[in-house]
Amino acid sequence: MRSSTIDDSTLYDLVGLGFGPANLAIAGAIVERRTSTSSGSFPIKKTLFIEKHDKFRWHPGMLLPDARMQIRNRLLNDSSSFMKDLATLRNPQSPISFLSYLHSQNRLVSFINRGSTIPSRREYADYLSWAAQYVENHGVDILYGHEVVALSRGRGNSTINIRSRNLITGEQIVVRARDIVISPGGSPRIPESLSPISAHPFVIHSSAYATSISLVLESLRASQDRSLRIAVIGSGQSAAEVTLDLRDRLSSNAGANRHEIDMIIRKGSLKPSDDSPFANEIFDPASTDAWFNLPSERTRASTLKEYKSTNYGVVNPRTLEILHEVIYNQKLDEGIASRTGAINPTCPRINIQPYSSILSTSTCPSLSPVTDQTQNVDKPLFSVITQNAVSRSIMEVKYDAVICATGYQRSFWVNLLKDSDVGKSFGLHSGTCSVQLVPVGAHEHRDVEAHAAELSDSAGATAFSLDDNHIPDMVYISRYYQLLPSKFGRPDAAKSSFEPRVYLQGVEEATHGLSDTLLSVLGVRAGEVVGDLCSARVEKVWVTESKL
C-alpha cells in the first residue's frame, strides 16, 4: 500500500515493525484465525506492517547459485525439513505452508520427483514472497519503503504512535496502534578492527555480497592486468560459501595471473556444524518452554555454550567437503606442475589462515579513498595486519577487497525504545547502554539485586550491548514474547497505566532458546503471539524492582 492511502484517523489493532519472516508468520496466523473465527468476534481487525525494503526481500545478499538451505541455520545452507516453514508445525492445513506454495505453482509433483526435499534458497525466498502477497491479498496492510524512526505514547496512554520515513521522498507519517510487535532482524556486525575501512565500497558484509560483488570485481578487472587478492573474514557458513563463490567468479577471468583468496579465521580450523538428530532437538518448539524455565542465567549461558556448534561459527559438512577438495586439488595441481615443469595453475588459490586475529586495518597510504565503484584500481587498496595466536608472529598483507562474514547484531529495538517515552515503561532510558532480557512467568517477582549479582557471575550471558563498560538494564519478557512493564521503587508500587502491549520477535535467544533468531519455530511462535494478543482475558504480569 502507499502512504497516501493511510488515514491519520485510523487506529490499527496491531502494527508490526519490520516485515521479514517473523512478522510474515504473524500476519499469516492472523489471516488464518480471522478466516476461521465467526464474523465480528476476531479482535484483530486492522493490521499494518511497516518494512524498509521496497518489496518483500529475504537475504538477497546471500542468494548464491546452487545454495541449498538449512532451515535452522541463520544463513541457511544444507539439509533440514522444509516443513519448518511459516505455518506447518502450527497448522499443517495452513494456506501459507511450503506445500501450499508448491501446489499453487504447479510444482508439487516436480518437487517430489527431483529426489531431494531441500529447497534452494532461491525457491524458499520465492515462497516467502508468495506468502507475503497472499496475506496482503487477504486484508493485511503492508507499507513498503518506509523505515520506522520513532515511537511515542498516544493520548491517554492507550495507544502508541509510530513514526516512519519514506526512504525515497523523506516524507514522514505517523500511524496509531493499540499493540505493536517489533521484529527488527539483524544488522551487519563489523568488528572494531575493521572500522577504519568499513565505509569503503570494496569492503562488503556477507549480507550484501551477492548484490554487490559483481560491481566490485568489474571495477577491479578493469584495472591493470595483475593478480588480485581478496580477504574473507570469518569461519562460519557464510564465509565458506563466499570463498567458494569468489573462486568461481575469479576463475572466469583468471588470465595469466593467479588470484588469491585468504580466509582469515581465529580458530585453528573450520569446524563442522552438528546436524545430528538429537542435537537438532534443541530447535524443537518444546525446547522453548524448557529454555525459558531454566533456573538461572548461568544455566542458560552454559546451555548456549553446549549447543553453540549447531549454529555459530560452523560450516555444514557438505560445504566443508567441497572446500577441502578444492584446496586438495590446488596442492595436487601445484605438485604436478613442480614435478613435471608444466605451466603453473592459474585458477584462484584459496588460503586458510588459522589462529589469526586482526590487529588493525587501513587504506594503503599511497592511494586516495575510492568512492566510486566504477573507478579503476591498479594497486591493492587495504592493509590488514594480523597476529597468529600460536606463534605470535605478525603479518601485513595488502588486499584489493575485503568480505566480512562476521555475523549480525540485533540492538535496533533497544535504540528505538530507549529514545522514546514508550521505553520508560520497560525500564529503558536515553542513557541505556546495554540490555539484559529476563524471563518472567505469570505471578513471578524477581529479587533484582540478587539477579544482578547472578548476571555478573554468568560469563557468556547474552546481552544487547551498546557499551561493554556498563551494567545492563534489565528488561522483563513473558513466555509469549511480550515486554513486561517495570515499576521502580517499592514492591507494592502502583501498576503502570500504559495499556499497549509490545512484543519482540527474533531477539530473545537468551530467554527463549537458540531457535528464536532462526526459522525453526516461526509457525508455532506466531500462533503463540497471536493467541496472546487475542486472549479474552489478558493477564498482565507486572514486575517490580528496587533501585540498584
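Start with Arg90 and Glu32: their side chains meet in a salt bridge, 2.8 Å from N to O. A salt bridge here is a side-chain nitrogen of Lys or Arg within 4 Å of a carboxyl oxygen of Asp or Glu. Arg90 sits in the loop between β2 and α2 and Glu32 in helix α1, so the pair ties together parts 58 residues apart in sequence. Helices (H or I, at least four residues) and strands (E, at least two) are DSSP runs, numbered from the N terminus.

Before moving on, note that this is a predicted model: local features need pLDDT of at least 70, side-chain atom pairs count only at pLDDT 80 or more, and totals for chains, interfaces and linings use all residues. Residues are numbered from 1 along each chain as its sequence is written, and side-chain values use heavy atoms, with hydrogens and water left out.

Colour the pair by accessibility. Arg90 is partly exposed, because its relative accessible area is 25%. Glu32 is buried at 13%. The classes are: buried under 20% relative accessible area, exposed over 50%, partly exposed in between (1.4 Å probe, protein chains only). By the salt-bridge rule, the count comes to 16.

Select Arg258 and Glu334. They form a salt bridge, with the closest N and O atoms 3.0 Å apart. Arg258 lies in the loop between α6 (237–251) and β10 (260–264), and Glu334 in helix α10, so this contact ties together parts 76 residues apart in sequence. Glu334 counts as partly exposed, at 23% relative accessibility.

Arg349 belongs to strand β11 (residues 349–353) and Glu334 to helix α10, so here the parts tied together are 15 residues apart in sequence. Arg349 is partly exposed, with a relative accessible area of 23%. Which residues do the salt bridges with shared partners join into one network? Arg258, Glu334 and Arg349.

Select Tyr328, Leu332 and Ile336. They form a nonpolar patch on the surface, with about 280 Å² of accessible area together. Patches are made of residues with over 30% relative accessible area and no salt bridge; like charges are joined within 9 Å, nonpolar side chains (Val, Leu, Ile, Met, Phe, Trp, Tyr) within 5 Å. The areas come from the Shrake-Rupley method with a 1.4 Å probe, and for residues only the protein chains shown count as cover. Ile336 lies in helix α10, residues 317–340. At 37% relative accessibility, Ile336 counts as partly exposed.

**Next: the second largest pocket**

Centre the view on Lys52, His53, Pro184, Gly185 and Gly186. Of the 44 residues lining the second largest pocket, these lie nearest its centre. The space in this pocket is about 1,100 Å³. The search uses a 1 Å grid over the protein atoms alone; a pocket is an open set of points where a 1.4 Å probe fits, with protein on both sides within 12 Å along at least five of seven lines, and lining residues have an atom within 4 Å of a point. Grid points are joined across faces, edges and corners, and the volume is the space filled by probe spheres set on the points.

Show the elements around the pocket. α1 (21–36), β4 (146–153), β7 (187–188), β16 (408–409) and α14 (522–534) each supply at least two lining residues. Which element gives the largest share of the lining? β4 does, with 3 residues. Colour the lining by type: 18 nonpolar, 18 polar and 8 charged. Ala, Val, Leu, Ile, Met, Phe, Trp, Tyr, Cys and Pro count as nonpolar, Asp, Glu, Lys and Arg as charged, and the others, Gly among them, as polar.

Select Ile96, in the loop between β2 (47–50) and α2 (98–104). Is Ile96 buried or exposed? Buried, with a relative accessible area of 1%. Its C-alpha is 9.8 Å from that of Val31, 65 residues apart along the chain.

In the loop between β2 and α2, find His59. His59 has a positive phi of about 45° although it is not a glycine. His59 counts as partly exposed, at 26% relative accessibility.

Finish at Asn106, in the loop between α2 and α3 (108–113). Asn106 also has a positive phi, about 60°, although it is not a glycine. Asn106 is exposed, with a relative accessible area of 70%.
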